[in-house]
Every structure is written in C-alpha cells, then in structure tokens.
Amino acid sequence: MTVEFTYSTSLSEKASTTIIGINQLAKEKDKKAPNLKFIASKALKDSLTNLKNFKSFSGERNSTFSFHNENQENLLYGIGDSSKYSTEDLRKVAGNLFKYLKINNSNNVNIVFDSFRGKNKSSEAVIAFVEALYMSDYEFIKYKSESKKFSLTINLVLTAAKDVNSAKKAETSIINTVESLNVTRDFVNEAPNVLTSVEYAKQVQNDVTKNLKGVKVKILNKAQIKKEKMNLFLSVNAGSGYEPRLVHLTYTPKKVTKKTKHFALVGKGIVFDTGGYSLKPSGAMAGMKFDMGGSATVYGAFRAAVLNNSPYKLTCVLAMTDNAVNSFATFPDAIVKGRNGKTVEILNTDAEGRLILADALDYTCDLNPDGIIDAATLTGACLVALGNQVCAVLGNNQKFTNQLLSNCKKQEEYAWELPIINEWRSDIKSKVADIKNIGSGRLAGTAIGAAFLQEFIKNDIPWIHLDIAGVCDSQSHLSYCPADGASGLMVRSLNRMLTNG
Ligand code: BES
Ligand code: ZN
Ligand code: ZN
C-alpha cells in the first residue's frame, strides 16, 4: 500500500493541504461559516470565518472548495447531510476523497477528522475512515507497461490525545485486514493463464510461509485427491490439462483449552469456468477467471483472522481446478460417486462449483469443526435475486447464520438470507442416482445450489454457504472498491466473525 498515516492532535507543517469536511445541514443553518470548534489552528479558523466565497459552497456530498491562507492550501470537502450519515457513508466519502487527491496528485495532507465523522462515534468512525482509505489504495496494474506512481501521506488530525492512542492501536488490525483483502483481490484479478490450479496452490503456500507463521500447509495433488475418493472434484478436473489441488491450512491459536472453538472455511477455486461440455456462450465465459473468488475470499479472511490473532482454531480448505473441455472431460449424464458415498447425476457440467465443494465439504466435516462457512461464485441466479450488491447467505443452523449476518451488519456489508425449503431439496432427487447436480427448472437457482451442498454436510455440523457471485467483483457503487475487477468484499465480515465471534 502506498498510503501512510500519522495520527496527531495538530496540523502537520509538511502537509501541503488541509482538508476539512463540511456538513451540508450545518451550512444551511449557518450561512456564514462551518462549525469550527474542532479546528485548533487559529490562522485556519480566522481564514474560514472570513471566507467570503464560502457562501457559494453548499457542502453537498463530495463537492469541493479550495482556498489559500498564509502558505497553506485548504480544501473544504462536502460530507452532505450529516444527520443521515452512517459509517458506511463515511467510507464512501473516504473513497471519493482518495480519488480526488489522486487526480490532483496531492501527496501530503492534513485531514481534520472530526469534521468528517458526523454523529458517528469517534473510535468506530476512525476505523471505518482509515480502512476505506487503505481499501481505496488498490490497483491491479502489474500488466500495464506504463503506470503512474502515486503516494499519499495523511496526517489524521484528531481532537483528543486519547483518540490518537486508540487510532494507533487499531491501525495494525486494519492493515492486516486490508492487506489480506488485497491478497484476495490480487488472486481474483490474476489472469487464468498465469493462475492455474497448480500455480494458485503454490502462491497460497508461499504467502502462508512468508506471512502466516505457525500455520500448517497441506496440499493434496491429484493422486492424493484420488486416494480421498473425491470423485466429484476429479470429474470437474477430468477435462483439464492441469492437476487439481486441495489446499488445507490449519491455524492453532496460542491459548487452547477444551472450550476453544474450531471453525472451518471452504472455498470454490475454479480458476476458469468454461462450463465444460455444457459450454458457456463466449459472452458469459469471459470474466470467469473470477470463479475462484470464493477460495480467494475465504483465504483472505483466514489470513486476516490469523494475523489478527484469532482465538479460534481455524481450518481453510481450498478446492482448485479449472473447468475445461478435452476428450476426457465429463459428459453430461455422467454418474459419479462422491467422497461421502452419494451418487450424483451430472446433468450440467457448468454446475461444477457444487461438485468440487461437495467433496471438499465432506472432507472438512471429517475434521469435526464447530462450524463450516463456504464461499463460492456458485450461481448466476444469485445476481438475479440480489443484484451485484448483496451476498446470499444460506445455512442449516439459524443461530450460526444469525451470527454471521450480525457481523455483516456491523461491518455494513450487504448480506441477505435465502431459505432452503424441502421442496427444493426434493427437486434435486435423481431418477437414476441419489441426486442430480441441477434442479428441474430455472427458478430458485441459488437455493437449489445450496440444497445440493447441504447433502454433503455430515452430522448436522452448523454450516453457512455464501454465494458471492454478485459481490465478488464490479462494485462500482462503492467508491473504496475498484469499479471493475475484484472487490474483496466479505473478507472483512468474515474476519470480524473469526476474530471476535
Ligand atoms: N460460475 C458459475 C456461476 C456464475 C455465473 C457466477 C454467472 C456469476 C455469473 C457457475 O459455475 C455456473 O455456471 N452456474 C450455473 C448453474 C446452472 C447450470 C444450474 C449458472 O448459474 O448458470
Ligand atoms: Zn459453471
Ligand atoms: Zn463456476
């Protein structure tokens, strides 16, 4: 990351610009000047009070107004109506402010924080603001021959010394989380000719070795996956020129007692989804490098939780392969026996995510965790149901599901529960095998995918399925995420759950 923070109660003289948030409502009430009580600098206060042109500045969200006083450049930044201003609004303002500073090549600034936070509590608001600025500072430009370098130092001016201390304390965990979220983004954005299943496993292993001390890495190759009888996983890999990989990571916290809970994460790692024999039309195929987004998301969350010293035992299982076509590829109508002994009629080879997850979930159940969360770009139907803004959440245990939903709410990441009803469970019964990998119609596709996965959860282990098909990329409505490409969403909510419970 190229943005750096210092935290202080005074303005830095090195900064070329001082930035002050202006609340639209306060401005309307008092046409003369903004609320200046949080500005310690007398010179700046005087300039603002005397600023005649200020009247023309509305304080509308993301509007700007610059002026000079003495040797300083100042920027008034509209935060809009601060009576309806959540910490998520604050993140969005931070994202837009970052874009503004980048366009204007401002490299060193003071931000008078209290003028930005509205009615939000200082400690939470600082975290949201800093987190969003770090998140905004991401680009996937390694393949660009020419790119502009931009670096930014922000002196965050806080009102009280205790705010400075708490901001400094929170910083490490914010950096751990956003760096991990950027690892997720990098994996998702990487091209599929580079990030083959074999390469992906290697890169995860290298990252663990370098950054996650004490985490155990086990990587199963094709022969070992065969030995595990993961035939559904292998059926997806059958048409590939690359071996599959199952990455199995284990983290044990420093303090372990009998009460220490064990949570497992499982991710869909289809490094490219052609659809197999049920080939995708070319318009729907381009972009399918992101089909390993579930695995990258759970890896990012695992990484963040480990760095943030999660008190839980954590397992992370990533199933990696492409879904390609050659003469060995699985035919639609194939019947394959999964690791748990159930037979599956594969009627559509494009419904491959559920096949690799089926075996990975069964493998994970054998570790007997207290809860399993899987993430996958599983269904196009998820976009129909919830758009590209909301993550679908399905599960078999309301308490566990609520725990996740409450963490998403705290993190202000959109997530919504969908039901799995018995009718949909019946819909995947096959005439010739135990189950089939698609439903009979086109409706309720996301839940039918989840109903299929549930067939592979043993002993009623609490389980949550996240369909991230919508939220994994293209979050142009979130200023702190790139408009195109990987978002890194859900890493923060999962990290929250895995570090705080
Ligand atoms: N990777 C896709 C899901 C997907 C499609 C995500 C489009 C985002 C955008 C998945 O493997 C798939 O192709 N699912 C099929 C399932 C169907 C055959 C039951 C789908 O959604 O069409
Ligand atoms: Zn598919
Ligand atoms: Zn897929």
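**Figure 1. Two buried partners, Glu131 and Arg492.** In this predicted model, Glu131 is buried, and Arg492 is buried as well. These two residues form a salt bridge, and their closest N and O atoms are 2.7 Å apart. Where do Glu131 and Arg492 lie? Glu131 belongs to helix H4, while Arg492 belongs to helix H16 (residues 491-500), so the pair ties together parts that are 361 residues apart in sequence.

**Figure 2. A salt bridge between two loops, made by Lys342 and Glu455.** Here the side chains of Lys342 and Glu455 meet in a salt bridge, with 2.7 Å from N to O. The pair links distant parts of the chain, 113 residues apart. Look for Lys342 in the loop between strand S11 (334-337) and strand S12 (343-346), and for Glu455 in the loop between helix H15 (445-454) and strand S17 (463-467). Are these residues buried or partly exposed? Lys342 has a relative accessible area of 26% and is partly exposed. Glu455 counts as partly exposed too, at 22% relative accessibility; the cut-off for buried is under 20%.

**Figure 3. Lys458 meets Asp366.** This view shows another salt bridge, in which the closest N and O atoms of Lys458 and Asp366 are 3.0 Å apart. Lys458 sits in the loop between H15 and S17, and Asp366 in the loop between helix H11 (353-365) and strand S13 (371-376), so the pair ties together parts that are 92 residues apart in sequence. Lys458 is partly exposed, its relative accessible area being 27%. For Asp366 the relative accessible area is 43%, which also makes this residue partly exposed.

**Figure 4. A network of salt bridges.** Which residues are joined into one network by salt bridges that share partners? They are Glu88, Arg91, Glu131, Glu412, Glu413 and Arg492. For the model, the count comes to 24 salt bridges.

**Figure 5. Helices H3 and H4 side by side.** Two packed helices are described by the angle between their axes and the distance between the axes. Helix H3 (residues 87-103) and helix H4 (residues 122-136) pack at an angle of about 35°, and their axes are 8 Å apart. Their crossing is right-handed. On the H3 side, the residues that meet H4 are Thr87, Leu90, Arg91, Ala94, Gly95, Leu97 and Phe98. Their counterparts in H4 are Ala125, Ala128, Phe129, Glu131, Ala132, Leu133 and Ser136. Sorted by class, this contact has nine nonpolar, three polar and two charged residues.

Figure 6. The chain is divided into domain 1 (2-163) and domain 2 (174-500). How far apart do the C-alpha centres of domain 1 and domain 2 lie? They are 38 Å apart. In the contact, 19 residues of domain 1 touch 19 residues of domain 2.

**Figure 7. Two asparagines with positive phi, Asn62 and Asn309**. Although Asn62 is not a glycine, its phi is positive, at about 70°. Asn62 is placed in the loop between helix H2 (42-50) and strand S3 (64-69), and at 30% relative accessibility it counts as partly exposed. Asn309 also has a positive phi, near 55°, and is a residue other than glycine. Find Asn309 in the loop between helix H10 (293-307) and strand S10 (313-323). With a relative accessible area of 52%, Asn309 is exposed; the cut-off for exposed is over 50%.

Terms used:
Residues are numbered from 1 along each chain as its sequence is written. Chains are lettered from A and ligands numbered from 1 in the order in which they are written. This is a predicted model: local features need pLDDT of at least 70, side-chain atom pairs count only at pLDDT 80 or more; totals for chains, interfaces and linings use all residues. Side-chain values use heavy atoms; hydrogens and water are left out. Axes are lines fitted to C-alpha atoms, for helices over the stretch in contact, and angles run from 0 to 180 degrees between N-to-C directions. Helices (H or I, at least four residues) and strands (E, at least two) are DSSP runs, numbered from the N terminus. A crossing is left-handed if the near helix is turned anticlockwise from the far one by less than a right angle, and right-handed if clockwise. Contact means heavy atoms within 4.5 Å. Ala, Val, Leu, Ile, Met, Phe, Trp, Tyr, Cys and Pro count as nonpolar, Asp, Glu, Lys and Arg as charged, and the others, Gly among them, as polar. A salt bridge is a side-chain nitrogen of Lys or Arg within 4 Å of a carboxyl oxygen of Asp or Glu. Buried means under 20% relative accessible area, exposed over 50%, partly exposed in between (1.4 Å probe, protein chains only). Domain bounds come from an automatic or database domain assignment.
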